[in-house]
Amino acid sequence: MARGRCALLLAALLLGGCASVQDATGLATQQDLIQLRTDVTIAQQRAQRALGEAEAALAQAQRRERERDGETERRLAALAERVDALTSSLTTLSGQLDELNSRVDALSRQPRAAAPAPTAPRPPGIVPAVPTPAPPPAAGGSRPTTNALQPQDIYQAAYLDFSKGSYALAIAGFREFLRRFPDQALAGAAQYWIGEAHFSLARGYTNAGQSQPATEALEQAVQEFRKVLANYPRSDKAPASLYKEALVLLELKQPAVAEQRLQYLVETFPQSEESALARERLAALRPR
């Protein structure tokens, strides 16, 4: 009987011991699962943050790329506009050159009738250039025709452009005249009209509100007028070029230099009509 009770007690103890081991083992497994779940959750959160940062970096990179592409497109558009403007200007200049060449070719093919060189309309106080007299007629009372281009032909074509307001063409024509016939009697007058053409261009720029091109044209006009006296001091246009140079200098706000040129005109060409005009200008410039 006692042995039976002991056996039952031992069995109970053993069963109790096994239950405690199972309980301890179950508790340890549950803690491991909780820890593992926590680690997984933290890893997921870190992965999500990393993904968000990567997506933000990618969006920023794409935005910068779009901005660079936009800036590149703007620069390309500006460059294309500049190229178009230069192409248009080149086309215009090419057309003007073709027109001048066609006019010169037509004049060279036409028989030239005996006629004096054209006299330009003179501004107030400007002495007109003396035209070159026509050569004497050939025997028989008639002058033989020729297809050779004469100095008066180029001069006349250039002056026609000037009278029509085609100042760029006129400048090109008068320069061609001077290149071919630098010692011809009308060379001084041709140089004078180059200065007048630049002066007229300056007025056009001023009326259009383009101050920088106007100033550049005025400065060029001064240089061209000075060439008349420097290269053709005996030209009838020498006094006129001095007077016009002074007017341009006044436009350039250089009254002291203009006064010097006017005084030089009075002293060098005292009998010219421009000398009287120069005295009037000097009286207005000098304080009383």
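**View 1. Helices α5 and α6 run roughly antiparallel to each other in this predicted model.** Let's start with the pair formed by helix α5 (residues 211–231) and helix α6 (residues 238–251), whose axes come within 9 Å. The two axes cross at roughly 160 degrees, and an angle over 145 degrees counts as roughly antiparallel, so that is the term that applies to α5 and α6. As for handedness, α5 and α6 make a left-handed crossing.

**View 2. Side by side: the residues that join α5 to α6.** On the α5 side, look for L218, A221, V222, F225, R226, V228 and L229. Their partners in α6 are A238, S241, L242, K244, E245, V248, L249 and E251. Sorted by class, this contact of α5 with α6 holds ten nonpolar residues, one polar residue and four charged residues.

**View 3. Helices α3 and α4 meet in a left-handed crossing.** Here helix α3 (residues 167–180) and helix α4 (residues 187–207) have axes that come within 9 Å. Their crossing angle is roughly 160 degrees, and α3 and α4 are therefore roughly antiparallel to each other. From α3, the contact takes in Y167, I171, F174, R175, F177 and L178. From α4 come A187, A190, Q191, W193, I194, A197, H198, S200 and L201. By class, the contact of α3 with α4 counts eleven nonpolar, three polar and one charged residues.

**View 4. Helix α4 from end to end, and the glycine that follows.** How far does α4 reach from its first C-alpha to its last? The span is 31 Å for 21 residues, close to the 30 Å expected at 1.5 Å a residue. Is α4 mostly covered or mostly uncovered? The helix is mostly covered, with 15 of its 21 residues buried. After α4 comes G209, and the phi of this glycine is positive, near 75 degrees.

**View 5. K253, a residue other than glycine with a positive phi.** Our last stop is the loop between α6 and α7 (255–268), which is where K253 sits. The phi of K253 is near 65 degrees. Is K253 buried or exposed? Residues with a relative accessible area over 50% count as exposed; K253 has 71%, so K253 is exposed.

Technical notes:
Residues numbered from 1 in each chain as written. Predicted model: local features only at pLDDT ≥ 70, side-chain atom pairs only at ≥ 80, totals over all residues. Heavy atoms only, no water. Axes fitted to C-alpha atoms, helices over the stretch in contact; angles between N-to-C directions. Helix = DSSP H or I, 4+ residues; strand = E, 2+ residues; numbered from the N terminus. Parallel < 35°, antiparallel > 145°, perpendicular 65-115°, else oblique. Left-handed = near helix turned anticlockwise from the far one by under 90°. Contact = heavy atoms within 4.5 Å. Nonpolar A, V, L, I, M, F, W, Y, C, P; charged D, E, K, R; others polar. Expected span 1.5 Å × (residues − 1). Buried < 20%, exposed > 50% of the residue type's maximum accessible area, 1.4 Å probe, protein only.
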